[in-house]
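Q: Could you walk me through this one, step by step?

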Amino acid sequence: MSRFLASRLASLEAYVPGEQPQDQPYIKLNTNESPFPPSPGVIKAISQTETSRLNLYSDPESKRLVEALAAHYGVGADNVFVSNGSDDILNFCFWGFCQDGAVFPEISYGFYEVFANLHGVPFEKLPMNPDFSIDPLAYHNAGRAVVLANPNAQTGLALSLSAIEGIVRSNPAHVVVVDEAYVDFGGESAVELTKRYDNLIVAMTFSKSRSLAGARLGFAIGPAELIADLKKLQYSTNPYNLNRLTQLAGIAALEDQDYYDKASQRIQATRHRVRQALLQLGFTCTDSRSNFVLASSPRIAGGVLYQKLKERGILVRHFSDPRIENYVRITIGTDAQMDALLEAVRALLP
């Protein structure tokens with residue numbers, strides 16, 4: 001840290017992304033990426049002709065992409081905001097809508113706390129039930145902004161749409177942000193609720209179910225007034241926030257939705273198979289509705305399992321949070337990758 005960094009940022013603890021070691025080939029099951037490539041239409045869209053146009057600025061309004069998203073989700077173009085990954089949306093929400101503070105679960109996406117600290121937002125992390133489920137009533141009448149990942153970012157557990165609506169309805173004076181990064185793997189989207197409530201933003205991403213983590217494309221759906229607020233913050237920071245190729249990839253991905261629906265179904269089937277296998281080995285696993293499972297064994301500590309798997313060329317995610325330190329989060333990969341994982345786990349259990 002230099003002597004020039006603002007004092008208010010000196011103690012900021014940055015978000016730690018999943019590791020990306022380059023020392024050897026790994027089976028990567030640690031960052032919740034899709035194991036499947038982008039659709040053929042996406043690959044075709046990133047053509048030599050389009051690449052040759054990178055000397056030109058991208059459309060700051062991303063008009064074609066916004067219109068495609070609006071048509072896909074049955075909303076108006078003024079109800080859609082696009083961004084450089086959904087993290088941009090979350091950053092803007094903490095910056096713009098949390099003047100009275102924010103509340104989110106004690107175990108969730110680690111960036112929520114980082115953004116709160118970055119923008120000087122007072123926050124509270126609410127405790128979860130022993131099974132890691134979220135009590136929706138704890139978020140009623142919160143008196144501040146509510147931020148929820150649904151399904152939840154580390155546990156994979158999901159709240160029902162009626163539970164989300166109860167939270168939104170009970171907080172009319174504050175924005176509720178529902179982070180739906182994993183919704184396409186078995187959750188219920190709250191997009192329809194944005195047509196009835198003026199305080200709801202639904203944030204989504206192309207990184208998980210649409211195989212575009214490397215393209216950095218996120219979007220939000222919400223009332224026109226809130227979307228206008230997000231656009232104001234975007235134009236105050238980085239108006240050309242989406243490059244030309246990412247915009248094209250997003251449009252093509254929406255046109256190839258059937259491809260991604262089938263991939264999601266395959267991931268969900270593999271998730272069920274892997275979860276059952278881990279349960280048979282004595283693991284405790286959350287009933288995930290995401291593209292990962294959170295698993296713990298009484299026979300081997302989470303940190304030890306993580307390290308031993310890494311030594312065998314398999315990456316999973318381990319967290320130091322005391323409540324989940326004996327768990328590992330395992331991204332669902334291809335069937336062959338998951339078979340390799342299960343074989344390694346069986347060999348490592350004492």
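A: C93 counts as buried, because its relative accessibility is 2%, where buried means under 20% relative accessible area with a 1.4 Å probe, protein chains only. This is a predicted model, in which local features need pLDDT of at least 70, side-chain atom pairs count only at pLDDT 80 or more, and totals for chains, interfaces and linings use all residues. Residues are numbered from 1 along each chain as its sequence is written, and side-chain values use heavy atoms, with hydrogens and water left out.

Q: And C285, buried or exposed?
A: C285 is buried, with a relative accessible area of 10%.

Q: How many disulfides does the structure hold?
A: It holds zero disulfides, a disulfide being a pair of cysteine sulfur atoms within 2.5 Å. For C93, the nearest cysteine sulfur belongs to C98 and is 7.4 Å away.

Q: OK, new topic: what does L230 touch?
A: Leaving out residues up to four places away in sequence, L230 touches F81, F92, C93, F97, I201 and A220, where contact means heavy atoms within 4.5 Å.

Q: Now the sheet: in which order do the strands come?
A: Seven strands form an open sheet with mixed pairing, in the order 2-8-7-6-5-3-4. Strands are DSSP runs (E, at least two residues), numbered from the N terminus, and two of them pair if DSSP finds at least two bridges between them. The edge strands, each pairing on one side only, are strand 2 (80-83) and strand 4 (123-126).

Q: How many bridges join strand 5 to strand 6?
A: Four bridges join these parallel strands, residues 145-149 and residues 176-179, and V146 stands opposite V176 in strand 6.

Conventions: Buried < 20%, exposed > 50% of the residue type's maximum accessible area, 1.4 Å probe, protein only.
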